[in-house]
Amino acid sequence: MSLGVFGGTFNPIHFAHLRVAETVWEALDLERVLLIPSADPPHKSRRLASATHRLEMVKLASASNPSLEALDLELKRPGPSYTVDTLRALSRRYKGQQLWFLLGTDTLTELDSWHEPETLLGLANFAVVGRPGSDHQPLESLLPERLAGSFIADPNVLKHESGREIRSVPFPPLGISASDIRKRIARGASIRYLVPDAVIEYIEKHHLYQEGS
Ligand code: ATP
């Protein structure tokens, strides 16, 4: 069976992340989805809670679902958290199993700025879900031009020369983002129903994302 790999800052994890994982798990009949917070993401830095806090929140959010597994893989590796290294490690660990990397349309458009994007695209299939703003665009128009040359386009699937594919998975757009959640916390606004209750309690207990923290 295939495994889902969902990497992200998860700063903090929210209900859209969980719906993405559940939707792709169901649509592609995955065995389970590995949730992997990046320890030291090359792209993001502002108001970043420690990797340990972000991993704990991912564990709390996924605890009740046996199809989700929080993995500390990137926390154990020194240096910047490159997805290509994570996929290499997972390919070795789960030899013979197909890997599906989960991502939103916004992330697909930035893929050319990632470390070794061509290698990345040969290591896993990619399952893309729509994010408000870019959810109705065809896949090939979202793929950065520099990478498009290695693909053959079908309407909902892009075939990579390595045999891997990028597939679009239907997902009703959810306008939830971690940056909006952090802003709400900083101004003292409610984040209920955007984030699981256990994660809200954790954020409050550790005073995360508050003004000045
Ligand atoms: P931030 O607002 O800080 O940029 P984020 O909410 O985008 O954070 P990330 O941890 O950066 O969360 O995202 C991890 C992955 O989840 C990315 O591939 C992103 O596209 C996807 N994702 C996050 N929120 C949504 C959403 N509302 N709908 C679809 N995909 C999402």
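Tutor: A definition comes first: helices (H or I, at least four residues) and strands (E, at least two) are DSSP runs, numbered from the N terminus. Please keep in mind that this is a predicted model.

Student: Where is Ser177 found in terms of these elements?

Tutor: Ser177 is found in the loop between β8 and α8 (178-186).

Student: Why is Ser177 called buried?

Tutor: Buried means under 20% relative accessible area. The value for Ser177 is 19%, so the residue is classed as buried.

Student: Which residues does Ser177 touch, leaving aside those up to four places away in sequence?

Tutor: Ser177 touches His14 and Arg131; contact means heavy atoms within 4.5 Å. A separate value concerns Leu194, which is 17 residues apart from Ser177 along the chain: their C-alpha atoms are separated by 8.9 Å.

Student: What makes β7 and β8 a pair?

Tutor: Two strands pair if DSSP finds at least two bridges between them. β7 and β8 have three bridges, in the antiparallel sense, and Lys159 stands opposite Glu165 in β8. Their hairpin has four residues between the strands, and Gly163 takes a positive phi near 100 degrees there.

Student: Which pairs run parallel?

Tutor: β1 and β2 run parallel and are joined by six bridges, with Gly4 opposite Val33 in β2. β5 (residues 125-129) and β8 (residues 165-168) also run parallel, joined by three bridges; in this pair, Val128 stands opposite Ser168.

Student: What is the order of the strands in the sheet, and what is the pairing called?

Tutor: Eight strands form an open sheet in the order β3-β2-β1-β4-β5-β8-β7-β6, and the pairing is called mixed. β3 (68-70) and β6 (151-153) each have a single partner strand, so they stand at the edges, and one side of each is left without a neighbour in the sheet. From one strand to the next, the twist averages 25 degrees.

Student: Which strands does helix α1 lie across?

Tutor: Helix α1 (residues 15-27) lies across β1 (3-8), β2 (32-37), β3, β4 (99-104) and β5, and runs at about 150 degrees to β2.

Student: How do you know that β2 is mostly covered?

Tutor: Six of its six residues are buried. In a regular strand the side chains alternate between the two faces of the sheet. On one side of β2 are Arg32, Leu34 and Ile36, on the other Val33, Leu35 and Pro37; all are buried, and both faces are covered.

Student: What does a search for cavities of 30 Å³ or more find?

Tutor: The search of the whole structure finds one such cavity. About 30 Å³ of space lies in the largest cavity.

Student: Which residues line the largest cavity?

Tutor: The lining consists of Val5, Gly7, Ile36, Glu74, Thr83, Thr86, Leu87 and Phe101. β1 and α3 (83-93) are the elements that give two or more residues, and α3 gives the most, with three.

Student: How is the lining of the largest cavity divided by class?

Tutor: The lining has four nonpolar, three polar and one charged residues. Gly counts as polar and Glu as charged.

Key:
Residues are numbered from 1 along each chain as its sequence is written. This is a predicted model: local features need pLDDT of at least 70, side-chain atom pairs count only at pLDDT 80 or more; totals for chains, interfaces and linings use all residues. Side-chain values use heavy atoms; hydrogens and water are left out. Axes are lines fitted to C-alpha atoms, for helices over the stretch in contact, and angles run from 0 to 180 degrees between N-to-C directions. On a 1 Å grid over the protein atoms alone, a cavity is a set of points where a 1.4 Å probe fits but cannot get out, and a pocket is an open set with protein on both sides within 12 Å along at least five of seven lines; lining residues have an atom within 4 Å of a point. Grid points are joined across faces, edges and corners, and a volume is the space filled by probe spheres set on the points. Buried means under 20% relative accessible area, exposed over 50%, partly exposed in between (1.4 Å probe, protein chains only).
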